[in-house]
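Here is a friendly walk through one protein model and its ligand. Keep the sequence and the 3D view open as you read.

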Amino acid sequence: PIQAFIFDLDGVITDTAEHHYLAWKAIADELHIPFTRQFNENLKGVSRMDSLRLLLSQAETPVDYTAEQLEELAQWKNRIYQELIEQIIPADILPGIPELLAELKRQGMRTAIASASKNAFTVIGRLKLMDAFDVIVDAAEIKNTKPDPEVFLKAAELLQVEPGCSIGVEDAVAGVQAIKAAGMFAVAIGAKEAFSHADLVLGSTSELTWSTVSEAWSA
Ligand code: B16
Ligand code: MG
């Protein structure tokens with residue numbers, strides 16, 4: 001039987017994937033590096049520094065940045081991101097998520113957040129969801145970022161559930177890879193074509209219901 005639901009934060013609980021995109025876009029524009037929404041898909045679920053490296057790899061004339069310069073660029077992006085997320089309020093929780101969390105409680109499910117973000121606690125606090133999850137694992141608690149399964153395995157361990165009895169929910173390709181590598185059932189939110197490796201793909205969080213997931217799990 002299903003024991004737990006482990007959720008990615010950015011792009012699943014709230015649309016901070018958009019804030020990350022806008023912050024990276026601002027950096028890319030300053031550096032005159034082409035940066036599209038389509039390329040941004042590769043950054044979802046990926047750590048801040050790895051995202052920066054991916055962005056810089058798109059430059060027409062590549063520049064060799066020192067470690068300090070890379071650190072400064074990463075901090076710059078983070079300042080823009082933190083300014084953007086100051087605006088977040090509980091109404092920014094994505095459609096269907098509050099209803100799902102309530103239903104999961106009724107079903108006796110354990111719940112967790114597994115996020116690659118160092119800003120996860122700030123975002124969850126702004127959404128007033130601090131008490132909505134049994135466990136929150138963020139970037140500060142892990143060594144290896146998605147697609148490594150560590151963040152999902154850590155959440156399952158803290159919840160004291162079997163990975164094989166856990167549902168992972170993600171909006172990023174790297175995140176779904178992490179869920180599968182953890183031995184969990186992967187639910188992807190997004191376009192079907194992008195997530196051939198997921199067990200269930202849903203177009204949006206409003207389709208993410210207990211009955212849809214539990215039926216797919218038993219099928
Ligand atoms: P930060 P998630 C991830 O969060 C984001 O998807 C990704 O775009 C971001 O680069 C990463 O967190 C690091 O975030 O710069 O705030 O530490 O989707 O795993 O909740
Ligand atoms: Mg995400």
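## Around the ligand

Ligand 1 is surrounded by 21 residues, and the closest are Asp 10, Ser 115, Ala 116, Ser 117 and Lys 118. A residue is near a molecule here if its C-beta atom, placed from the backbone, lies within 6 Å of it. Helix H1 (16-30) and helix H3 (48-56) each give at least two residues to this shell. Helices (H or I, at least four residues) and strands (E, at least two) are DSSP runs, numbered from the N terminus. By class, the shell has 7 nonpolar, 9 polar and 5 charged residues. Nonpolar covers Ala, Val, Leu, Ile, Met, Phe, Trp, Tyr, Cys and Pro, charged covers Asp, Glu, Lys and Arg, and the others, Gly among them, count as polar.

Some background before going on: this is a predicted model, in which local features need pLDDT of at least 70 and side-chain atom pairs count only at pLDDT 80 or more, while totals for chains, interfaces and linings use all residues. Residues are numbered from 1 along each chain as its sequence is written, and chains are lettered from A and ligands numbered from 1 in the order in which they are written.

## The nonpolar core

The largest nonpolar core holds 65 residues, and those touching the most other members are Ile 6, Ala 112, Ile 113, Phe 152, Ala 155 and Val 187. Helix H7 (residues 150-159) contributes the largest share, 6 residues. Such a core is a set of buried Ala, Val, Leu, Ile, Met, Phe, Trp, Tyr and Cys residues joined through C-beta atoms within 7 Å. Buried means that 20 or more other C-beta atoms lie within 10 Å of a residue's own, exposed means 12 or fewer, and partly exposed is in between, with C-beta atoms placed from the backbone.

Which residues does Ile 113 touch? Leaving aside residues up to four places away in sequence, they are Phe 7, Leu 9, Ala 120, Ile 124, Phe 133, Ile 136 and Val 137. Contact means C-beta atoms, placed from the backbone, within 7 Å.

## Helix H7 and its end

In H7, the buried residues are Val 151, Phe 152, Leu 153, Ala 155, Ala 156 and Leu 159. They pack against strands S1 (4-7), S2 (110-114), S3 (135-137) and S4 (166-170), and against helix H8 (173-181).

Gln 160 has a positive phi of about 60 degrees although it is not a glycine. With 11 C-beta neighbours inside 10 Å, Gln 160 counts as exposed.

## H3 meets H4

H3 and helix H4 (residues 67-85) pack at an angle of about 105 degrees, with their axes 10 Å apart. Axes are lines fitted to C-alpha atoms, for helices over the stretch in contact, and angles run from 0 to 180 degrees between N-to-C directions. The two helices are therefore roughly perpendicular to each other, a label for angles of 65 to 115 degrees. Arg 48, Met 49 and Leu 52 of H3 meet Leu 70, Leu 73, Ala 74, Lys 77 and Asn 78 of H4. These contact residues divide into 5 nonpolar, 1 polar and 2 charged.

## Loops to look at

Thr 66 lies in the loop between H3 and H4 and is exposed, with 8 other C-beta atoms within 10 Å.

His 32 sits in the loop between H1 and helix H2 (37-40). Its phi is positive, near 55 degrees, in a residue other than glycine. A cis peptide bond joins Lys 146 and Pro 147, with omega about 15 degrees, and Pro 147 is in the loop between S3 and H7.

Key: Contact = placed C-beta atoms within 7 Å. Parallel < 35°, antiparallel > 145°, perpendicular 65-115°, else oblique.
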